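Please view the sequence and the structure below before reading on.

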Amino acid sequence: MIEPIGNQYIVARPVYSANAFGEEHKKKQRHHKTFLDHLTVCCSCSTQKAKKIALSLFPIASWLPAYQIKEWLLSDIVSGISTGLVAVLQGLAFALLVTVPPSYGLYAAFFPILVYFFLGTSKHISVGPFPVLSMMVGAIVVKVTPSDSTAALEISNSSMSNYSSTDEYKVMVAATVTVLSGIIQLLMGVLRFGFVVIYLSESLISGFTTAAAVHVLVSQLKFMLQLSVPAHTDPFSIFKVLNSVFTQIEKTNIADLVTSLIILLIVFVVKEINQRYKAKLPVPIPIELIMTVIATGVSYGFDFENRFKVAVVGEMNRGFQPPIAPDMQIFQETLGDSFGIAIVGFMVAFSVASVYSLKYDYPIDGNQELIALGLSNIFTGSFKGFAASTALSRSGVQESTGGKTQIAGILSAIIVLIVILALGFLLEPLQKSVLAALALGNLKGMLMQFTEIRRLWRKDKYDCLIWIMTFIFAIVLGLGLGLAASVAFQLLTIVFRTQFPKCSTLANVGRSNIYKNKKDYLDMHEPEGVKIFRCPAPIYFANIQFFKQKLIDAVGFNPLQILRKRNKALKKIRKLQKKGLLQVTPKGFIYTNDGFKDSDDEMDNNEIEELDQPINTTDLPFQIDWNTDFPLNISVPKISLHSLILDFSAVSFLDISSMRGLKTILQEFIRINVDVYIVGSDDDFIEKLAQCEFFDDEVKDSIFFLTIHDAVLHIWMKKDYNVSKFNPSQEKEMKFDFTINTNGGLRNRECQVPDETKF
């Protein structure tokens with residue numbers, strides 16, 4: 001019964017052990033579904049289920065009929081135009097990262113939007129090229145495509161012989177990788193593998209995207225300086241690229257360098273203005289569009305290509321090219337790399353979509369996102385585009401300019417379509433260094449994530465370590481291997497957190513039923529003779545020894561050593577009694593020979609095993625108080641602990657190996673007369689122990705209690721019960737202990753009644 005009194009409450013109920021609670025409150029008989037039951041539900045069919053599946057596969061059927069034209073259309077139009085202009089420039093810029101002609105970047109900015117419009121669940125992300133994915137695809141293209149010096153030798157015996165130029169082969173490689181990554185994403189979505197994103201923490205994503213931004217920065221240096229830098233795809237490639245850049249620095253094209261630096265400075269300043277005054281500006285200043293128009297006009301008007309030998313975008317293909325079938329030989333060579341691209345693309349898109357879904361309160365489906373992205377990439381690759389996800393900056397533009405739904409996305413695709421069909425030729429004089437500078441201008445947010453380290457260090461050292469190691473792995477090993485190593489390291493940190501948990505000793509706060517770490521509060525009261533130990537992690541084979549050591553540190557002694565010393569002392573006492581040197585008199589026990597010496601010879605394994613057995617004093621005519629002073633060379637450490645409470649409320653599971661270790665620990669304490677209680681365990685935990693035959697005559701199932709306070713109250717009642725069961729005279733007759741006398745003999749000492757105030 002619970003009675004509230006103001007901001008306090010009074011609880012009146014019995015002290016519950018797990019067994020007592022189970023007897024008073026009967027459990028329901030529940031039917032646990034089998035695999036066959038789940039399969040039956042999965043294969044069943046109904047009208048409602050068919051409708052639900054159709055709506056989940058085509059989310060547009062849910063949100064489009066509810067579209068509010070008057071309230072949303074104008075905002076979506078403004079957002080679509082702004083996002084489309086950014087998508088055009090980013091498509092051209094990120095095509096340089098893929099090492100394909102810039103015009104193919106427009107295909108990557110157009111086709112994914114069409115598929116995602118019908119199948120995607122996010123209303124705000126802008127699907128298209130992403131610099132990290134472009135870098136990864138570009139690395140594969142460079143790895144698979146023979147270099148200029150060896151192309152002539154390899155062209156006759158490779159799949160490249162089917163293509164008229166190296167650029168055409170690179171486009172085929174990028175398209176094939178895109179199709180393959182799309183197939184992987186589609187299969188993962190169909191098989192309901194959307195949960196994989198849970199293994200990619202926020203710290204890992206932040207560290208990875210920051211490292212990717214550094215990769216993009218380094219990769220764009222050759223375009224900004226117009227240097228011939230060979231591509232590297234193996235580990236330490238970023239350092240090799242930097243070495244190539246600095247060894248050729250004297251060949252820098254000054255016109256490209258000056259142009260790119262001016263573009264960067266202006267873009268950074270205007271973006272800072274957009275950020276600072278975003279509440280006052282109706283729409284962000286489209287600085288990318290403005291600088292593109294100015295740079296293209298200046299380059300064309302002053303003939304930069306011929307006068308300063310700058311690299312320009314060059315011929316832009318007008319219209320679309322017919323779809324192509326992927327190259328099966330490239331499929332075989334790039335399967336592993338494509339899997340990494342599929343995971344990274346989904347990871348980034350889902351992360352950005354999650355941010356906006358939380359902000360605007362609508363659900364997103366990870367499995368449906370995999371299907372949408374997978375079909376988008378298959379469709380894009382078939383039309384010679386490259387892998388798509390979502391760019392953080394482009395999605396930010398779509399959301400910040402008022403985009404409400406994917407109508408803004410489809411309008412941005414129309415802008416890209418206009419450039420592909422009619423206006424692409426106007427961008428032919430544009431310098432590649434300008435595209436590189438515009439790409440770098442959008443990396444500011446990603447590079448600023450270095451500030452995450454300080455925040456993470458204050459909040460969680462492990463998360464900070466994950467960020468740092470992810471960044472290092474991605475920089476040193478490259479993006480593909482770096483991601484795999486980062487995920488492995490993150491899982492390893494989970495092992496470390498559970499293998500070395502922060503165990504603590506609890507005490508009573510303010511003489512209430514609340515128990516906290518005794519190091520954290522001032523008003524702490526630890527019951528005398530009782531130790532409360534908390535383990536905040538699962539107990540399994542890797543941490544059972546750590547758990548045992550922490551428990552030994554908490555109680556201040558090793559129970560196995562105490563047990564062995566007590567059994568060893570008991571053997572000596574039996575020798576004294578057998579030789580008649582220990583006599584029983586009406587006044588007590590008298591030791592009659594001061595000259596007795598007992599050797600401490602080394603014992604064999606059998607004797608050590610005997611010392612580990614429970615203490616048996618049934619053959620003695622008296623009981624022994626192990627906390628007394630012993631005669632001669634008998635030495636047994638004194639312990640004041642009589643009860644140990646283990647708080648397992650945070651222990652989620654226990655494996656077979658640790659189960660044996662835990663039972664051994666409990667037995668060692670029980671054998672030295674320390675009562676052990678386990679609190680906070682759920683019913684499944686106890687049932688698993690029973691199924692594994694954990695309980696016996698020593699370790700009983702009555703040791704489980706619902707709460708710490710239940711166990712503490714039980715200990716108090718047990719001590720009072722033992723004292724009140726006999727009167728002092730009866731207890732004297734039944735229980736004897738001994739201590740050394742002034743003359744070297746033994747004498748009786750009356751058992752003292754425990755003081756209730758000590759508990």
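## Thr145 and its surroundings

Leaving aside neighbours within four places in sequence, Thr145 is in contact (heavy atoms within 4.5 Å) with Thr166, Tyr169, Lys170 and Val173. The model is predicted: local features need pLDDT of at least 70, side-chain atom pairs count only at pLDDT 80 or more, and totals for chains, interfaces and linings use all residues. Residues are numbered from 1 along each chain as its sequence is written, and side-chain values use heavy atoms, with hydrogens and water left out.

Thr145 lies in the loop between helix H7 (131-144) and helix H8 (148-154); helices (H or I, at least four residues) and strands (E, at least two) are DSSP runs, numbered from the N terminus. Thr145 is buried, at a relative accessible area of 8%, where buried means under 20%, exposed over 50% and partly exposed in between (1.4 Å probe, protein chains only). A distance of 7.7 Å separates the C-alpha atoms of Thr145 and Thr166, which are 21 residues apart along the chain.

## Helix H9

Helix H9 covers residues 166-190, and its end C-alpha atoms are 36 Å apart. After H9 comes Arg192, with a positive phi near 65 degrees.

## Lys531 in strand E8

Strand E8 (residues 530-534) contains Lys531, a buried residue with a relative accessible area of 13%. Not counting residues up to four places away in sequence, Lys531 touches several residues, including Glu526, Leu641 and Ile645. The C-alpha atoms of Lys531 and Leu641 are separated by 7.2 Å, although these residues are 110 residues apart along the chain.

How values were computed. The expected span of a helix is 1.5 Å times one less than its number of residues.
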